[in-house]
Amino acid sequence: MKADAYGHGAVRVAEVLRPVADMFAVATVEEGMELREAGIRKPILILFSCVPAQVGPIVEFNLTPSIGDWEFAKALNEIASEATPTKIHVNINTGMNRSGICWTEALQFLSKLKNLPRLEVEGIFTHLATADEVDKSFVSVQLKRFSSVLSDNDGKMVHVANSAATLAVPESHFDAVRPGLSLYGIYPATEKPILLKPALTWKTRIGWISTISEGEGVSYGLTYKAPYPIRVAMMQIGYGDGYPRALSVTGEVLIGGMHRPIIGRVCMDVSVVQLEPADKVAIGDEVVLIGKQGDAEITIDEVAQRAGTIPYEILTQIGTRVKRTFRPVSYNNEH
């Protein structure tokens, strides 16, 4: 559920997944608090190490922190309930090298935690650095390192797999998996072992239509000049909404089921596209930025590639002023 459920809306997504998820995972204490305040009562794991100043909200909101250093563990133990110990998951660094206890020190650290009686080690985990790549050799290295820590597992929940590993590395599944991007119907790698259906369609509206003369420029800097008289339309979307400025000139959208190019620079609030002479469009008509319109489609992968980034960044940058509309879904065995 981190980063507002990858831009989809954390509270509503959690409500939908509540019947099928055993636990939710977030990146920050604040994200966990938001879910609790919305009435989500399932366990909520904070995936990244917290600082000692955050121990109060963790206990108050019954969140499950990841432990990656001794000072935080001590601070948490000081205020945790003696009657009901705070559950924790220990983050083992097996080669990602961005957080966690080094795998060579993990057994000693786990033993040391037994001296903190108000903490209960519920789980132990690591994160894979290259599961989304074709070459899985370093995945094997990390799993071997992680397995060396499990000799003192003692019934703890073991979890490793992100989306890519959930789909393509079955030996990493252990007791639980942590799908992220794939929850929203997007493949994290080139491998596509199961059918995924994108959950999100991003739309806007046309706000202005005109014709400009040969040689006239468009948008800030007038970087685009019309080679001949052309019809143009302004879309009510810009980088202030999270639509990448990098799509200036390179991006495309769907209007009337047809691909239409962005011309000129993407602005903070609006962007301009070129229309064809025969296009029958009106102010207020729908524009699809990501998704399907008729038989045409623009995928998140296409948008990310044109913007020189990855789908994760496109999704998590969709701004708060973009209205989210949620439609009910049903579960089946195919998706």
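Helices (H or I, at least four residues) and strands (E, at least two) are DSSP runs, numbered from the N terminus. The model is predicted.

**Exercise 1. Describe the chain as a whole.**

Solution. 
Step 1. By the definition above, the secondary structure of the chain amounts to 10 helices and 16 strands.
Step 2. Taken along the principal axes, the C-alpha atoms fill a box of roughly 75 × 40 × 40 Å.
Step 3. The chain has 335 residues, of which 45% count as buried.
Step 4. The chain exposes about 17000 Å², with carbon and sulfur atoms supplying 52% of that area.
Step 5. Of the contacts between residues at least 6 apart in sequence, 58% join residues at least 24 apart.

**Exercise 2. Classify the aromatic pair of Trp 70 and Phe 109, and state which parts of the chain the pair ties together.**

Solution. 
Step 1. The structure holds five aromatic pairs, and Trp 70 with Phe 109 is an aromatic pair with 6.2 Å centre to centre and 85° between the planes.
Step 2. Planes over 60 degrees apart count as edge-to-face, so the pair of Trp 70 and Phe 109 is edge-to-face.
Step 3. Trp 70 belongs to helix α5 (residues 70-79) and Phe 109 to helix α6 (residues 106-113); the pair therefore ties together parts that are 39 residues apart in sequence.
Step 4. Phe 109 has 8% relative accessibility and counts as buried.

**Exercise 3. Determine whether Phe 146 and Phe 174 are each buried or partly exposed, and classify their pair.**

Solution. 
Step 1. The ring centres of Phe 146 and Phe 174 are 5.9 Å apart and the planes stand at 80°, so this pair is edge-to-face.
Step 2. Phe 146 is in helix α7 (residues 137-147), while Phe 174 is in the loop between α8 (163-168) and β8 (202-212), 28 residues apart.
Step 3. Buried means under 20% relative accessible area; Phe 146, at 0%, counts as buried.
Step 4. Phe 174, at 36%, is partly exposed.

Terms used
Residues numbered from 1 in each chain as written. Predicted model: local features only at pLDDT ≥ 70, side-chain atom pairs only at ≥ 80, totals over all residues. Heavy atoms only, no water. Phe/Tyr/Trp six-rings, centres within 6.5 Å; stacked < 30°, edge-to-face > 60°. Buried < 20%, exposed > 50% of the residue type's maximum accessible area, 1.4 Å probe, protein only. Contact = heavy atoms within 4.5 Å. Areas by Shrake-Rupley, 256 points an atom, 1.4 Å probe, with all protein chains shown as cover.
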